[in-house]
Every structure is written in C-alpha cells, then in structure tokens.
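Dear colleague,

I am passing on the structure we spoke about, together with some notes on its strands and aromatic side chains. Please look it over before reading on.

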Amino acid sequence: MTNPIDRLMLKAIQREPTPRRPLWIMRQAGRYLPEYRALRAKHSFKDLATSAELATEVTLMPFERFAFDAAIVFADIMSPLPALGIEFDFAPGPIVAQPIRSAADVEKLPEPDRDKLAPEVIAALKMSRMALSEDTALLGFCGAPWTLAAYLVEGKGVKDFPTLRAFAASEPDALDALLAKLSALMAEYLILQHKAGADAVQIFDSWAGVLALPDWERLIRPHLESLLSTVGAAGVPRILFLQNAPHLMDAYASLPCEVLACDWRIDIKGLQKQYGDTRAVQGNIDPAVLLGGPEATRAAAERLLEAVEPIGHIVNLGHGILPQTPLESVEALVETVHNENA
Ligand code: 1CP
C-alpha cells in the first residue's frame, strides 16, 4: 500500500522531488467526457451534485480514461450555501433566488446550520477515497469568499459583476459582514472535507480580478487571509487559485498557502522564479489550446515543462477544461507529462 505521503501530488505540494510532475485538470469530471454528457441527459446538474452516489460516480469518471494524479470531488462552489439558508438553481451557472443587496439582507442571514453544510459532498469524498487508487490524491474545494459574494450579490454570473462592485462601493460594512460570514463557514467546510479524506483543498477565486488592488487590499484581503490561516492551522494543504487577475498576482503570493495556482495569462516561469522557494505553482496551459488539437497541446505542454522547474510544479490548465475539448488533446497532454523523464 502506498503511504499517502508518497502521492505525487502531495510531494509536489510540499516541493519535494518526484519521479515526474503530477497532473490534474480543473473540471476534469465534466462536459468534455461523452459519459458525463450521457449521464447529464438523464439528470440535472443539481441532481448529480446533490446525490453523494452520483457525485462519486462523476468524480471517478475521468479515471476510466486518464491517469490523472488527483481527483477533485464533483460539487459546486454553491454546494455549502444551504447552510446559510440560501436558495439557488443552475442554468447552467448558479442563479440565486434572493440576491443579497443591502445591510438588512446580510443581517437576515441565519446562523449557519451545520447539518446543511453539504453533507453530500462530505459523503462523496469518503466514497471517492475508498474507490480511488492509493497513489491518487483527492482534492476538496470551496469558492473564495469574494467569488461566492459575487454570485450572492449579483444573483448570477455576469461580466465584470457591476452590481457587486456597486455594493462594495455603497455598502462596504455590509460586504465586510458578508465576507466574514463566508470566510468562517468556508474554513469549517474545508476542514470537514479534509477530515473526510481530502488530501488538500483548492480555494477558487475565479472573480478575484474585478477590483483594483487598493480596494482588494482594503475589502477582501483580511477575509481571504483569515480563511487560509484557519485552514492552515488545521494542517490542511492549501491551493489558492485566482483567475483573470494578473494585477493581483503578487498580493496573492503574499497570502498563506502551499500552492499558487494561476491562469494562462500569468508567466508561471517568472512566478516560480520569484516565489518558488516558499510556494509550489500549479498551471497553466490555456484551455483553448486543447481545442487546437493534440499537436498544439503537445507543443504547449512541452514548452511548459521546459520553462518551469519540475520540483514544486503541478501541471494543470489555466482554467476549467472547455466542453468542446477533443479527448485526443487530453490524451496528448497526459502522454507528454508522463513521458517527460522516460
Ligand atoms: O453540467 C452542467 O451543465 C453544469 C456545469 C457545472 C459543472 C460541471 C457547474 C455549474 N458546476 C460544475 C462543477 C464544478 N464547479 C466543479 C467540479 C469539479 C471539477 O471537475 O473541477 C468545480 C470545482 C466547480 C467550481 C465552480 N463553480 C467555480 C470555480 C471554478 C471556475 O470554473 O472558475 C465557479 C465560478 C462556479 C460557478 C459555476 N457553476 C456552474 C457553472 C457553469 C459556473 C460558472 C459560470 C457562471 O457563473 O455562469
């Protein structure tokens, strides 16, 4: 039996040498897989994500085809929010029934109901761990407080989130109270996921980039830092992902975490040069490159492996894999990473 410590993914997180670099893909259990689309023809996304059995089946799905080094539990960043009494649906992204638009709306949020803190995700983690091979790591995740607030205030995913930015400008105290609640709840949630078998957790700050740096420092940093510190103090390895926010990269690099996960806009080689002594890096092939086919994918993967030092590098895309991605491109990526030292 492999010692969990020997999982490639965990060694890379701790910046220890590995026989080759680990690889996983954001949204690897998703719509580019024909078997996922077939299952989705029978069930809504919400049905898949709220059933521990179905979520486990989807979490494991990509492993029938690809030898990824980590599984990520199939859920959504909205999954824990029923604990705050929040109602939502998906079409295809989250739609919040009653968006939060005032200080009164924030005050009305109930004390967290821990029984509703995504018990299906916790169960899916336990079942996935039992089914996964010993050398595969299991990842939990949550949305960063700001990215969750983006959906709660805006009500849905909207380009550049104007309602959210207006709320931040007009109701900074209400935003502060909302982010504090989300940060405390997400810390609890990630620790629960770790106890259920998640080797590490990824915090997705997909909409980090819509504020300027000084506003981010003033409004957001304290809450993200508090979440990361609480989780770190509980001994949970942390992967911090930010999307479309190159102007915030250095600020994120100063936050407490083990892994900096960046999108394709970032010079990951430069990032590793600057912060590699204290942080592993994860990423960052442009997901659109895979639409260009296996040759384009292989070329991009080879350039990445050439540019980034192997120690402390987890290979991934710079954002979620696109639904129209050909399976041959994923095969080419896996092959290129696996053959690096062959
Ligand atoms: O099948 C479908 O139609 C549903 C599409 C879908 C899927 C597959 C949604 C709705 N969520 C998910 C799963 C999901 N969401 C995972 C699963 C694990 C994996 O394989 O990676 C994860 C990690 C998430 C996290 C998530 N949800 C993020 C952060 C990551 C990112 O992509 O930036 C965000 C921003 C969301 C919101 C969301 N949920 C769903 C969609 C389509 C979106 C984004 C688009 C929008 O805001 O409209």
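Which residues of β4 lie on one side and which on the other, and are they buried or exposed? Before the answer, please keep in mind that this is a predicted model. On one side of β4 are Ala 137, Leu 139, Phe 141 and Gly 143, on the other are Leu 138, Gly 140 and Cys 142, and all of these are buried, which leaves both faces of the strand covered. Because seven of the seven residues of β4, which spans residues 137-143, are buried, the strand is largely enclosed by the rest of the structure.

The strand pairings of β4 can be followed in the model as well. Strand β1, made up of residues 70-72, pairs with β4 in the parallel sense over three bridges, and within this arrangement Ala 70 stands opposite Ala 137.

Turning to the aromatic side chains, a search of the whole structure finds eleven aromatic pairs. One of them joins Tyr 151 and Phe 161, whose ring centres are 6.1 Å apart and whose planes stand at 80°, so that the pair is edge-to-face. Since Tyr 151 belongs to helix α7 (residues 145-154) whereas Phe 161 sits in the loop between α7 and α8 (162-170), this pair ties together parts that are ten residues apart in sequence. Tyr 151 is buried, with a relative accessible area of 9%, and Phe 161 is buried too, with a value of 2%.

A further edge-to-face pair is formed by Phe 204 and Phe 241, with the ring centres 5.8 Å apart and the planes at 75°. This pair links distant parts of the chain, as Phe 204 is in strand β5 (residues 200-205) and Phe 241 is in strand β6 (residues 238-242), 37 residues apart. Phe 204 counts as buried at 14% relative accessibility, while Phe 241 is buried with a relative accessible area of 0%.

Ring pairs also link Tyr 36, Phe 45, Phe 74, Phe 88 and Phe 90 into a cluster. Over the face of one member of that cluster, Phe 88, lies Lys 46, at 5.2 Å from the ring centre. Elsewhere, Arg 265 lies over the face of Trp 264, at 4.2 Å from the centre of the ring.

With best wishes

Definitions and conventions. Residues are numbered from 1 along each chain as its sequence is written. This is a predicted model: local features need pLDDT of at least 70, side-chain atom pairs count only at pLDDT 80 or more; totals for chains, interfaces and linings use all residues. Side-chain values use heavy atoms; hydrogens and water are left out. Rings of Phe, Tyr and Trp (its six-membered ring) pair if their centres lie within 6.5 Å; planes under 30 degrees apart count as stacked, over 60 as edge-to-face and the rest as tilted. Helices (H or I, at least four residues) and strands (E, at least two) are DSSP runs, numbered from the N terminus. Buried means under 20% relative accessible area, exposed over 50%, partly exposed in between (1.4 Å probe, protein chains only). A charge sits over a ring if NZ of Lys or CZ of Arg is within 6 Å of the ring centre and within 35 degrees of the ring normal. Two strands pair if DSSP finds at least two bridges between them.
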